[in-house]
Amino acid sequence: MNRNFGTLLAVSLLFGLGFGVYEFALPYFLDSRGISVPRMGLIYAVGALFVFVVRIYAGHLSDRLGRKTLYGGAVLISAVVSAATPAAVVVWFQTILKGARDAGAMVFDSMYQLALHDEGRAKYMDRVGKTRGLQYLAEALGTFGTGLLLARQVYTGSFGLSSLLLFAGFLIFLLLYRASNNSTQSAPHQSLRAIFAFDLPRPLMVLALFGFVFTVGLSISHCFVMQLFWVRQFGASKPIIGTILMLHRLTIGLPLLFVGHVVRKHLKQVFIVFVILEGLAMLAAGLIPAFLPATVVWLTHDLFGAGVWIPIRSALIQKHAREETRGRDVSKVLALGSLGWIFGPLIAGAIFDHWYGGPFVLSGIIGVMSAFVLLALRDEDA
């Protein structure tokens with residue numbers, strides 16, 4: 001293992017821990033301060049539009065300046081937001097913070113994929129799986145620990161812990177990472193119109209459309225309602241919900257560690273099958289009336305879903321990204337997909353109080369529908 005890959009793994013570990021603490025604590029913190037579910041939907045949705053703009057432009061800047069500055073900046077911004085979150089509970093302030101936090105997380109997501117690709121292309125799919133898998137395992141630990149803290153209503157301490165973990169990751173990255181010689185830094189300056197133009201190669205447009213449809217569905221159930229569902233539907237306590245969401249991260253993290261060694265052929269077919277399986281599991285979980293079977297079924301959605309197809313999607317995006325604009329191409333595909341986060345939380349906020357299982361059911365239906373977009377990929381594209 002070379003130094004840069006080891007550094008990226010270490011930062012992913014700390015980022016995952018900090019992210020797990022923050023994401024689990026935020027909905028409970030907002031709920032405890034009297035912010036309604038529809039207003040939470042607004043807070044989560046508005047930031048997604050900001051993420052779209054920042055993510056694409058950050059990808060363009062990484063082609064010109066290299067990945068290191070953008071990667072480190074994303075981690076630092078996330079640390080600052082975590083520290084500032086308890087400062088004031090008003091909707092506009094929390095919306096700005098959530099937008100900045102989501103932008104930091106999404107730029108981090110783009111940059112670690114680009115940095116891993118710069119480090120070596122032959123082992124990319126395996127390395128991206130291991131790095132993302134370790135991050136999710138760390139999120140599982142952070143989520144579980146936060147569930148115990150929130151049982152004692154320790155909100156400020158939770159966000160402080162998240163900030164410290166993220167800041168430690170920033171310092172490690174700043175001190176140890178060395179920009180790769182393979183990092184693209186010669187891309188010419190372009191106008192904003194050119195940067196944001198929908199000029200992607202056809203396979204990337206298909207992957208972007210898939211990402212958008214899937215994310216609309218995913219974000220209906222994987223926003224603030226992911227925590228609140230278990231409380232409202234089954235009366236579960238915060239430590240129990242922390243355990244469920246810890247297992248949620250474990251079930252995506254574990255297959256990611258191994259998928260690069262197992263999946264070598266028929267990428268398109270494997271991609272489609274596991275997206276459908278994920279959607280069916282989410283749909284079924286929203287319809288099951290008993291706590292234990294609903295939980296077990298829901299926990300399979302990433303084990304037989306995103307835990308398998310995430311590295312496949314990453315590998316296909318890198319395969320079709322153009323060398324001279326790799327950062328912009330990769331970030332644009334991921335940013336177009338992330339636009340789904342504008343709609344999902346608003347839909348969840350509108351239906352959750354009327355039907356607690358509704359967001360899970362609708363999430364699953366749209367997830368299954370997104371798999372059919374992938375049929376537009378030609379066999380040679382995969």
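Helix H8 (residues 202–221) and helix H11 (residues 267–287) have axes that come within 11 Å and cross at roughly 20°. The model is predicted.

**Packing of H8 and H11**

- An angle under 35 degrees counts as roughly parallel, and H8 and H11 are therefore roughly parallel to each other.
- The crossing in which H8 passes H11 is left-handed.
- On the H8 side, the contact is made by Leu207, Phe210, Phe214, Leu218 and Ser221.
- On the H11 side, Phe271, Val275, Glu278 and Met282 take part in the contact.
- Sorted by class, this contact of H8 with H11 has seven nonpolar residues, one polar residue and one charged residue.

**Cavity**

- The structure holds one cavity of 30 Å³ or more.
- The largest cavity is lined by 46 residues, and those closest to its centre are Met106, Arg132, Tyr136, Leu218 and Trp341.
- Helix H4 (residues 91–119) supplies the largest share of this lining, with seven residues.
- By class, the lining of the largest cavity has 25 nonpolar, ten polar and eleven charged residues.

Terms used
Residues are numbered from 1 along each chain as its sequence is written. This is a predicted model: local features need pLDDT of at least 70, side-chain atom pairs count only at pLDDT 80 or more; totals for chains, interfaces and linings use all residues. Side-chain values use heavy atoms; hydrogens and water are left out. Axes are lines fitted to C-alpha atoms, for helices over the stretch in contact, and angles run from 0 to 180 degrees between N-to-C directions. Helices (H or I, at least four residues) and strands (E, at least two) are DSSP runs, numbered from the N terminus. Angles under 35 degrees count as roughly parallel, over 145 as roughly antiparallel, 65 to 115 as roughly perpendicular and the rest as oblique. A crossing is left-handed if the near helix is turned anticlockwise from the far one by less than a right angle, and right-handed if clockwise. Contact means heavy atoms within 4.5 Å. Ala, Val, Leu, Ile, Met, Phe, Trp, Tyr, Cys and Pro count as nonpolar, Asp, Glu, Lys and Arg as charged, and the others, Gly among them, as polar. On a 1 Å grid over the protein atoms alone, a cavity is a set of points where a 1.4 Å probe fits but cannot get out, and a pocket is an open set with protein on both sides within 12 Å along at least five of seven lines; lining residues have an atom within 4 Å of a point. Grid points are joined across faces, edges and corners, and a volume is the space filled by probe spheres set on the points.
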